[in-house]
Amino acid sequence: MTATIRTARVWRRSAAVVAAGALAAAGLSACSSSGSGTSAGAGSTANASSIAAALQKKSTITVWAWAPQDKDIVAAFEKQYPNVTVNLVNAGSSTTEYTKLQNAIKAGSGIPDVAQIEYYALPQFSLAGSVQSLDGYGLDSLKSDYSQAVWDAIEVNGNLDAVPQDTGPMALFYNEKIFKQYGLTVPTTWDQYVADAVKLHAANPNEYITSDTGDPGFATSMIWQAGGKPYTVSGATSVTVDTKDAGTAKWAAQWDQMEEKGLLSQVSGWTTQWFNGLGNGTIATLVTGAWMPDNLETSAAAGSGDWRVAPMPTYTSGGTAASAENGGSSYAVMKASSNALVAAGFEQFLATQPGETILANEGGFPALNSILNSSSFLDQAPAYFGGQKINEVLSAAAASVLPGWSYLPFQVYANSIFPDSVGKAYENKTDIAAALSTWNNASATYGQQQGFTVTVK
Amino acid sequence: MAVTEHAPSGARRTVRPARHTAKRWNPNKRRKSWKLTAVMTLGLIYSLLPLFWLLVNASKTQANLFSTNGMWFGGHFALLDNVRQTLTYNGDEFLHWFGNTLIYVVVGAGGATFLATIGGYGLAKFDFPGKRGVLAVVLGAVAVPSTALAVPTFLMYSKIGLVNTPWAIIIPSLINPFGLYLMWIFARDAIPNELLEAARVDGAREWRIFFSITSRLLRPGMITVLLFAVVATWNNYLLPLVMLNNPKLYPLTVGLVQWDAQSQEAGGAPIFNLVLTGSLLMIIPIMIVFLVMQRYWQSGLTAGSVKQ
């Protein structure tokens, strides 16, 4: 599963972030016509047959990506199209790459043809005009191959701007051994989840239901699952931030019950301490994206056999299943690409059967429905999860992701300032809702400075 | 290192204090203070502990890193295996980065030292209009941390198309205001004007004077500047992070961080054992450089502290 670096790690790498912040600010401009170069092959002339023809000619494209499966995907692509050379560059993962991409765009040189961009960051590059719209490349016919939520994420402002690779529909990962030991029920509602949190921590103060120190990626996904839509983008420059969003309030109120009572472990995600906690059961559940199993197996090996997967709890008992995306990556053709047809051809390979099969075989969680619903995928029963057919749960989660969510066109920056407000609230065990409101206002101010017309409701 | 003699070679010219006759105050014969010893011991432990930790943990497998006591050896002693893996991981990436670091250090720090020497000598021994202005600029530049310059440098280099090339690392490394200042002060005191005059009278041209006479007298100062520059270039992180996109051009610092980041990618394999072993391997050359050059370093540090 490519992508999805937990956003939580981002501000820990101070030096990188200093540079990131400064340069992203310099490079990001709402109305910039940036990117330079010409968009070769755009418009009605580009279609499936012109892509096919371009793939037969001798050419080289550069792809920036960090997904570990891409090496084999590129090899397979080059085997099928021997005239095309793909220069696969790992320019860093997630925000490291975005900074470099932003820098290259600003510099007007060294921009790759294709870049891996997580869904939450795509609007930032799309609306700044750095990404080549794929409308008219014949790729819109793929729409029915993916869930509506995935398509919503790559279709920014009515333009198809990228293709999906991996996704992160959320589910509840829980440690069955701990649940049995302390007599907890696997929660189907968030109220039950909170009750479990209370019971577990009371029974053993070293045990926590989960860890959360304030992670913007997690928070926005939880708001998404609560039916929230705090951000609306219309046109290229008009943004509405709804600080009174009902879904935001719903999640905040629910999570507050645990946060203010100290029921959340204060171990930051993706640290070794965190993986230890997941391995030894002191962190008993994890509500996260479907790409997680591979990471548990490699980094929390001690928990092998103990973990299970269940659908994400909902807000009303017996309510219909609802999930949200957490992480996951798309691949965009950059506007500066001088070989957009070949780049689009590569993306098509990556996002459809050939590429997605390799991704799924190497532990990624694909976006393509035909794989998500295939029996070979659904029947996998990893020993780490006690032989449970976890993909049945995860594929169902993918189908139940609520449609209609959108991120801010400056979400990368917004996430970077999350600790200033919401992170502080977690630290001081104070009201999450108030902190979210502060955060949204600060993000809105930044958007305004970047040239967006931001309406705060 | 087999440095058995601690007296700096430059100090041989001075007369050593006659040990047996000295009844007067002798700095080497002060009373021992257990308090001072205790503080020094603490300081020693404080500085050596991270190194010890690095060595211990570089000897563990990825699995044993978290299942054994972090401050002591445990489980299978995997140092050699870790070294082999580090050197061969992902197509000899480490060796490639090592080579890059070496190039940046040799060209960057070597060039910086040469420029600082020649500039410092010029400022110390030649009169020209605007010298005071140069002094002000150099002193001002010493006060600006290079970290603060990384972003403006990037924006400038992106305009002239040097971003993502080795020059983006090498050219900024060539400029070392502190080194220039140090060489200026050092040259002022270390080179007697009479010597230069004598050389000129003998018919030597300025370049010949510089390479045959001056540069030899300036050697302790040069080594000091070289050491500073080598350490700064070797450990340079922010500049290459900002300037380079292509892992093939990375120095070790940025490369190792990329390895480290792998643990936080969905589906990425954590290779902390290789990051640790890589860090250990990375500090070995710099330690050797220090041990070899420390006697020059000591004599260089005190340069200009005594007026002769």
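What distance separates the centres of domain 1 of chain B and domain 2 of chain B, taken over C-alpha atoms? The value is 29 Å. The notes below concern a predicted model.

1. Domains of chain B. The assignment for chain B gives domain 1 as 35-73 and domain 2 as 78-301. Where these two meet, domain 1 of chain B puts in 9 residues and domain 2 of chain B puts in 11 residues. On the domain 1 side, helix 1 (34-58) and helix 2 (62-67) of chain B each supply at least two residues. Helix 1 of chain B gives the largest share of that side, with 4 residues. Sorted by class, the side of domain 1 of chain B that touches domain 2 of chain B holds 4 nonpolar, 4 polar and 1 charged residues.

2. Overall make-up of chain B. Chain B has 13 helices and 0 strands. Of its 308 residues, 32% count as buried. Taking contacts in chain B between residues at least 6 apart in sequence, 74% join residues at least 24 apart.

3. A helix pair in chain B. Helix 3 (residues 79-125) and helix 10 (residues 219-234) of chain B have axes that come within 9 Å and cross at roughly 145°. The crossing of helix 3 of chain B past helix 10 of chain B is right-handed. Residues making the contact include Y104(B), G108(B), A112(B) and A116(B) from helix 3 of chain B, and M222(B), L226(B), A229(B) and W234(B) from helix 10 of chain B. By class, the residues of this contact between helix 3 and helix 10 of chain B are 11 nonpolar and 5 polar, with no charged residue.

4. Backbone of N164(B). N164(B) is a residue other than glycine with a positive phi, near 65°. Its place is in the loop between helix 5 (146-159) and helix 6 (167-174) of chain B. Is N164(B) buried or exposed? N164(B) has 21 other C-beta atoms within 10 Å and is buried; the cut-off for that class is 20 or more.

5. Domains of chain A. Chain A is also assigned two domains, each made of two segments: domain 1 is 7-168 + 328-391, and domain 2 is 172-324 + 405-456. The C-alpha centres of domain 1 and domain 2 of chain A lie 26 Å apart. The contact takes 35 residues from domain 1 of chain A and 35 residues from domain 2 of chain A. Helix 1 (14-27), helix 4 (95-107), helix 5 (122-127) and strand 6 (163-175) of chain A are the elements that give two or more residues to the domain 1 side. That side of domain 1 of chain A has 19 nonpolar, 13 polar and 3 charged residues.

6. Backbone of S94(A). S94(A) is not a glycine, yet its phi is positive, at about 50°. S94(A) sits in the loop between strand 2 (84-89) and helix 4 of chain A. With 27 other C-beta atoms within 10 Å, S94(A) is buried.

7. Strand 6 and strand 11 of chain A. These strands of chain A run antiparallel and are joined by 5 bridges. Across the pair, L172(A) stands opposite V287(A) in strand 11 of chain A. How many of the 5 residues of strand 11 (residues 285-289) of chain A are buried? The count is 5 of the 5, so strand 11 of chain A is largely enclosed by the rest of the structure.

8. An open sheet in chain A. This sheet of chain A has 3 strands in the order 8-9-14, with mixed pairing. Strand 8 (231-234) and strand 14 (453-456) of chain A are the edge strands; each has a single partner, so one side of each lacks a neighbour in the sheet. From one strand to the next the twist averages 20°. Strand 9 (residues 238-241) and strand 14 of chain A pair in the parallel sense over 4 bridges, and T240(A) stands opposite T455(A) in strand 14 of chain A.

9. Helix against the sheet. Helix 20 (residues 432-449) of chain A lies across strand 9 and strand 14 of chain A. Relative to strand 14 of chain A, helix 20 of chain A runs at about 160°.

Technical notes
Residues numbered from 1 in each chain as written. Chains lettered and ligands numbered in written order. Predicted model: local features only at pLDDT ≥ 70, side-chain atom pairs only at ≥ 80, totals over all residues. Domains from an automatic or database assignment. Contact = placed C-beta atoms within 7 Å. Nonpolar A, V, L, I, M, F, W, Y, C, P; charged D, E, K, R; others polar. Pairing = 2+ DSSP bridges. Axes fitted to C-alpha atoms, helices over the stretch in contact; angles between N-to-C directions. Left-handed = near helix turned anticlockwise from the far one by under 90°. Buried ≥ 20, exposed ≤ 12 C-beta atoms within 10 Å, placed from the backbone.
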